[in-house]
Amino acid sequence: MKVLVPLKRVPDPDRANQLRAVGDRVDTDGIPWKTNPFDEYALEAALRLTENGKTPKTRLGEVVVVTLGPKDAESTLRAALAAGASRAIRVEATDDALDGRLVAHALKSIVVEEKPDLVLLGEKAVDSEGNHVGQALAAMLDYPMVGSATRMHEEDGGALVRSERDGGQSILRTRFPAVVTVDLGIVSAAGIVARNSEADFSYWDGVRFIPFTAILQAKKKDIVTRTLDELAPGIALSSTYYRFDPPPSRKPGIFVKDVAELVDKLANEAGVL
Amino acid sequence: MAKILVVAESQGDMPERATLSAITAAREASTILDSGFDILVVGGPGATRDAAALTCYGAEHVLLVEDATMSVYLAENFVDTVSSVARGYSLVVAAATTFGKDLLPRVAGNLDAAYAADCSGVTEEAGALSFKRPMHAGNVLGFVKLGTRIQVATVRQCDFEAAVPSAGKSPIQVLQSVAPGKAAARIEVVSQKVMQNDRRSLADAKTVVSGGRALKDRFFEILDPLASVLGAAIGATRIACHAGYAPGNLQVGQSGNMVAPRLYIAIGISGSIQHVAGMRGSKVIVAINRDPQAPVFQLADYGLVADLFEAVPEMVRHIQLARKDVGAH
């Protein structure tokens, strides 16, 4: 199986409360880049689909990772190569000169070239909070697409996928090639059931640990560079952010001494009981 | 002719609460675009009833596509029909439910349109339509303009009031479905599991009682009585859901529900950035946590440092007593 995993780098989501809205930009100074957590789940799912869980060093199939960004963004790809991805592609771009539509166009061209069985993406990027590239890409390709997947059971030429929905879950059966976006549950122990692993094999919970030697080896691997001119000719940025505001501030709260005081305040001060 | 299209979610004989939020967004956009709006209902045999229920919200037309093959929602079956109708509009809007977030980006992909996800406001900038969007887990509010001829957006139910019925009655216009693309034949819905206390009731609840990992497998034992005495919906943190203490559809946070109730009670919740993203718009926030350093206290209007296993049952008793007092007067 061949899986394409698009990866996005985002300002460290654990420090998102240190970001500052400054006019028409967001100041990310001093905040390191991290791979979008949902994309890390997609990569882990792709690795599980293309290996025997007992011998994860041997890739049975191919995982191609791609990112759009400046040279700097290659560290995201190198981390993925260290985790076990087979090849990496970087599409030269400036971070703030990208939007979902442009990314979907570029990915479409890569899919047409690479012909993966499956495109696995995170359900959303935690910085731009879009949740739409997978859907738009599938529509452009006329591929089936399942969103917010938390379980994937590989079948012959396709998969059974559990998708988290409002008020419940759906199980969908899709043929490959397909696009699937993933939620955290996909990296639980039972998240992926793949044909390459024995039926009794069970994974760990979460994404895999990357050994230091693998990180060193990944530094030497080639990364193919492409351009938006080649992959999304004539497509201009169509989402223009002209202003960023901080969130509305809240008035400072108080500590109450006990439950009685809490209930009294809620009833008589806040008036919400 | 209307330039704005609301894509309704067709589920029963009452208009979906979420659709009423999308109608409110359309009404706000209509003053900016100086245009009326239409509502599109696509579905199986129940869709006619849904369309009739949406005729009293001031739309120029309610467009109805009723097709027996569309009884169960599957984006691949819907997207070509919705795209073909949407082609004639400047703005296509739906609520940011699973339905809207699944379908509308595909419509945008089909029409090569720019898309604004999960908007909390519709505003005007230099005479043009613009969208306000929480980003970076709600730590930044972005204002975006879309540069394609057709603009597509989904809006947060918790940030747009439900539209109230208006005078007049929109005529229903029946349209034919469009044959779906190849993808539709390659995917099927095998089963759907609907749970109670669903996302809609969470998104619409006046009070939400949310629990974290600390509740462990006593999650519902502890939270149910409080939720019941308050008439509240129950929410959960991502970790509580991932650990299996609560079902995933109760998750409040960046990858779950976005809520903005009158009262949000965070119980045994530390207040991680991704959780706060889903509830920071709440009017009054209460936090009960054993750890006085928990970040949630920085956000809370009322903080109580206590063992939740004692404090929550005690709170239930106090609320019941307070209610009795009020009843006695």
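The model is predicted; local features need pLDDT of at least 70, side-chain atom pairs count only at pLDDT 80 or more, and totals for chains, interfaces and linings use all residues. Residues are numbered from 1 along each chain as its sequence is written, and chains are lettered from A and ligands numbered from 1 in the order in which they are written.

The contact between the chains draws 73 residues from chain A and 74 residues from chain B. Two residues are in contact if their C-beta atoms, placed from the backbone, lie within 7 Å. On the side of chain A that touches chain B, at least two residues each come from helix H3 (100-114), helix H4 (133-141), strand E9 (145-155), strand E10 (158-165), strand E11 (168-175), strand E15 (239-245), strand E16 (254-255) and helix H7 (259-268) of chain A. Helices (H or I, at least four residues) and strands (E, at least two) are DSSP runs, numbered from the N terminus. E11(A) gives the most to this side, with eight residues. By class, the side of chain A that touches chain B holds 35 nonpolar, 20 polar and 18 charged residues. Here Ala, Val, Leu, Ile, Met, Phe, Trp, Tyr, Cys and Pro count as nonpolar, Asp, Glu, Lys and Arg as charged, and the others, Gly among them, as polar.

Strand pairing also links the chains. E16(A) runs parallel to strand E16 (residues 302-305) of chain B, and two bridges join them. Two strands pair if DSSP finds at least two bridges between them. Within E16(B), B:Tyr302 stands opposite A:Ile254.

Five bridges pair E6(B) with strand E7 (residues 128-135) of chain B in the antiparallel sense. B:Gly121 has B:Lys132 in E7(B) as its bridge partner. Axes are lines fitted to C-alpha atoms, for helices over the stretch in contact, and angles run from 0 to 180 degrees between N-to-C directions.

Helices meet across the chain boundary as well. The axes of H4(A) and helix H4 (residues 98-111) of chain B come within 7 Å and cross at roughly 45 degrees. That angle makes H4(A) oblique to H4(B). Angles under 35 degrees count as roughly parallel, over 145 as roughly antiparallel, 65 to 115 as roughly perpendicular and the rest as oblique. The crossing of H4(A) past H4(B) is right-handed. A crossing is left-handed if the near helix is turned anticlockwise from the far one by less than a right angle, and right-handed if clockwise. H4(A) contributes A:Gln135, A:Ala136, A:Leu137, A:Ala138, A:Ala139 and A:Met140 to the contact, and H4(B) contributes B:Asp102, B:Pro105, B:Arg106, B:Ala108, B:Gly109 and B:Asn110. Seven residues of this contact are nonpolar, three polar and two charged.

Within chain A, the axes of helix H2 (residues 74-83) and helix H5 (residues 212-219) come within 8 Å and cross at roughly 125 degrees. H2(A) is therefore oblique to H5(A). H2(A) passes H5(A) in a right-handed crossing. Contacting residues are A:Arg78, A:Leu81 and A:Ala82 of H2(A) and A:Ala214, A:Ile215, A:Ala218 and A:Lys219 of H5(A). This contact has five nonpolar, no polar and two charged residues.

Chain B also forms an open sheet of seven strands, ordered E5-E9-E4-E1-E2-E3-E10, with parallel pairing. Strand E5 (114-119) and strand E10 (172-174) of chain B are the edge strands, each pairing on one side only. Four bridges join strand E1 (residues 4-7) of chain B to strand E2 (residues 37-43) of chain B. B:Val6 has B:Ile39 as its bridge partner in E2(B).
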